[in-house]
Amino acid sequence: MSAQAVDVDNVVMQFGGLRAVDGVSLRVGVGERRVLLGPNGAGKTTLFNMIGGQLQPTSGAVRLFGRDVSKQNPYRRAHDGLARTFQITSLFPDMTVGENVHLAVRALSTSRFGMIRPAGAYPRIAERVADILAEWRFPAGADTRVSNLSYGDQRKLELAMAVANRPRILLLDEPTSGLSATETESVVGLIKGLPEDVTVIVVEHDMDVAFAVADLFTILHNGRLVTTGTAAEVQANEDIQRIYFGEGE
Amino acid sequence: MRPSLVAGAVAVAVFAVAAALGGLLSSYSTGLLIDCLIFAVLALGLNLLLGQTGLPSLGHAAYFGVGAYTAGLVMLHVSDSFWWGAAAAIAASMAVGAVYGLLALRTSGVYFLIITLALGQITFAIAFSWRSLTGGDDGLRGIGRPDLGLPGLNVDTTAGYYLLALAAAAAALLLMRLIVRSPFGEALRGIHQNPDRMAALGYNVWLYKFLAFVISAGFAGWAGVIFVYYKGFISPEAVGIVVSAEVTLMVIVGGAGTLIGPFLGAFLVVFMSHVVSGYTDRWLTVLGLLYICVMLFAPKGIVTLVGDAWRARRSA
Ligand SMILES: Nc1ncnc2c1ncn2[C@@H]1O[C@H](COP(=O)(O)OP(=O)(O)OP(=O)(O)O)[C@@H](O)[C@H]1O
Ligand SMILES: [Mg+2]
């Protein structure tokens with residue numbers, strides 16, 4: 001049996017008196033597209049943080065491609081092929097768009113510790129940065145400071161940086177929140193356009209987006225995994241109707 | 001002409017004028033400039049941590065002192081070669097920086113500030129109490145001028161030593177310029193702004209901070225070398241909290257995170273301390289007032305203030 005891309009094994013995250021994630025197990029196969037659903041405070045971001053390494057589970061294990069990474073730093077997981085975006089946009093606000101992309105592209109290169117040559121004097125990295133900027137087209141221009149970018153473009157940059165190094169596992173935390181209909185559509189297009197072997201987990205509140213990008217849906221509620229099912233199963237399940245569609249946003 | 005060529009030409013011209021100054025000024029004024037250059041190197045080193053990486057080290061006199069004592073000890077007991085003394089001093093400063101960095105980087109924010117301060121005070125206490133090595137509060141005396149092994153440069157005179165100090169500061173500035181423009185320097189700025197995203201992208205944030213700490217200590221040690229050979233003595237005072245506070249202020253006044261700001265900040269603070277000490281012995285009070293004024297009117301430092309004003313005029 002081939003290893004799962006992401007194998008979350010009975011993880012718990014305890015914040016003081018609050019059990020934000022309470023014994024969740026989740027297996028996502030290589031190349032699978034999965035959407036995580038659940039009302040505010042269900043523990044979706046906390047679960048992402050344990051997969052990405054931003055948080056270490058109180059108990060339980062996280063495995064990527066069959067390897068236990070529970071104790072590994074986020075940067076090690078990035079080198080294993082994991083990339084992510086953040087629900088709250090997480091960029092380098094005082095740098096330009098180009099510099100942000102540059103940092104993303106450089107992150108997995110051996111030259112990232114170089115101290116002598118100027119950062120701009122690495123042709124292969126500069127080329128890749130130029131390709132990404134051409135592909136994603138930031139209307140304000142690559143030399144715009146990120147803090148002066150529109151919200152929509154900041155979200156776009158967040159995404160561009162996550163896929164810059166062609167990750168094998170991609171975690172997207174509410175990639176379309178706050179975006180216009182057109183912007184949302186282009187995000188959907190991007191996710192669907194990713195190479196087939198890329199494993200993608202998306203936290204998404206917009207059901208249209210969710211149904212467009214994934215075949216399987218996992219529902220969290222109060223830190224627990226309620227169920228995993230297809231679109232039809234999710235829509236038919238009464239508990240889910242009550243938990244999510246009833247009282248969610 | 002390309003802007004980098006212009007900048008290069010300006011830098012060479014500044015260096016030439018500065019070098020010529022040594023022959024023209026009085027020995028007192030030249031001595032003052034040497035002090036400025038020494039502290040400029042120290043501030044340059046601290047800026048890598050404070051300005052680039054956002055790590056507020058408040059004990060940088062420790063690495064300065066370790067460098068100065070080491071170079072002094074080499075001169076007194078081993079060799080009068082400048083290069084041996086400098087190599088040993090920088091190595092010792094970086095080694096102490098590595099140990100202190102391991103301890104300090106277990107914390108962050110204000111705790112980082114406090115632990116670097118405490119480590120600085122421990123270093124001061126060691127310099128003060130390890131009499132057999134450091135001479136205690138008498139310090140090390142009778143350290144002569146070093147032998148550079150370069151014909152034609154006589155560093156026994158103040159004017160000659162000034163040339164050495166100028167070359168040492170220029171070398172430090174060029175090396176620092178390479179570092180801050182390199183991928184490593186770019187990563188430090190990324191870490192300053194958003195360490196969590198840097199980690200998620202794949203950067204080993206801790207290792208970058210540690211390396212920045214050690215390199216910064218090396219620059220401080222280099223400043224200590226130029227200092228001790230100039231003064232001919234070193235006492236625990238040079239390792240103390242006042243020096244640490246002064247150099248922190250130099251970085252902030254000049255412009256933390258800019259290349260040239262800490263350099264200018266050093267000149268400003270050293271000159272001020274000379275002027276002020278002619279009128280009052282309340283130098284620390286003046287230092288505090290200067291800090292408050294900068295925080296109120298130019299929180300990003302003078303270089304940034306001037307740069308912003310310049311850009312505003314040009315675009316207006
Ligand atoms: N670092 C933290 N410390 C303490 N409590 C936290 C922390 N992070 C999250 N929580 C709490 O854990 C619970 C789950 O939060 P989480 O952010 O994972 O929810 P979510 O499903 O992502 O919600 P949303 O849809 O609002 O993003 C919430 O009650 C939240 O307040
Ligand atoms: Mg969330």
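Predicted model: local features only at pLDDT ≥ 70, side-chain atom pairs only at ≥ 80, totals over all residues.
The interface between chain A and chain B is considered first. The size of an interface is often given as the accessible area lost when the parts come together. Between chain A and chain B the buried area is about 2,400 Å², and carbon and sulfur atoms give 63% of this area. To this contact chain A brings 33 residues, while chain B brings 24 residues. Across the interface, 14 residue pairs are found in polar contact, with both residues of each pair at pLDDT 80 or more. On the side of chain A that touches chain B, the elements giving two or more residues are α2 (74-79), α3 (97-106) and α5 (151-163) of chain A. Of these, α3(A) gives the most, with 5 residues. When the residues on this side of chain A are sorted by class, 20 are nonpolar, 6 are polar and 7 are charged.

Side chains of opposite charge can pair when their charged atoms come close. Between chain A and chain B the count is 1 salt bridge, and in a salt bridge of this kind the side chains of Glu158(A) and Arg197(B) meet, with a distance of 2.6 Å from N to O.

Chain A also takes part in a metal site, in which the magnesium ion (ligand 2) is coordinated by OG1 of Thr45(A) and OE1 of Gln87(A), at 1.9 to 2.1 Å. These two residues link distant parts of the chain, since Thr45(A) lies in helix α1 (residues 44-52) of chain A, whereas Gln87(A) lies in the loop between β6 (82-84) and α3 of chain A, 42 residues apart. Thr45(A) counts as partly exposed because its relative accessibility is 25%, and Gln87(A), with a relative accessible area of 30%, is likewise partly exposed.

Over all chains, the structure holds 13 salt bridges. In one of them, Lys231(B) pairs with Asp35(B), the closest N and O atoms being 3.1 Å apart. This pair joins distant parts of the chain, with Lys231(B) in helix α10 (residues 205-231) of chain B and Asp35(B) in helix α2 (residues 27-53) of chain B, 196 residues apart. Lys231(B) is partly exposed at 31% relative accessibility, whereas Asp35(B) is buried, with a relative accessible area of 11%.

Arg131(B) forms a salt bridge with Asp137(B), with the closest N and O atoms 2.8 Å apart, and Arg131(B) also forms a salt bridge with Asp138(B), for which the corresponding distance is 3.9 Å. In chain A, salt bridges that share partners join Asp7(A), Asp9(A), Arg27(A) and Arg63(A) into one network.

How values were computed
Residues numbered from 1 in each chain as written. Chains lettered and ligands numbered in written order. Heavy atoms only, no water. Contact = heavy atoms within 4.5 Å. Buried area = accessible area lost by both parts, 1.4 Å probe. Salt bridge = Lys/Arg side-chain N within 4 Å of Asp/Glu carboxyl O. Polar contact = N/O pair within 3.5 Å; in protein donor to acceptor, adjacent residues only side chain to side chain. Helix = DSSP H or I, 4+ residues; strand = E, 2+ residues; numbered from the N terminus. Nonpolar A, V, L, I, M, F, W, Y, C, P; charged D, E, K, R; others polar. Donors = N, O, S within 2.8 Å, 3.2 Å for Na, K, Ca; no water. Buried < 20%, exposed > 50% of the residue type's maximum accessible area, 1.4 Å probe, protein only.
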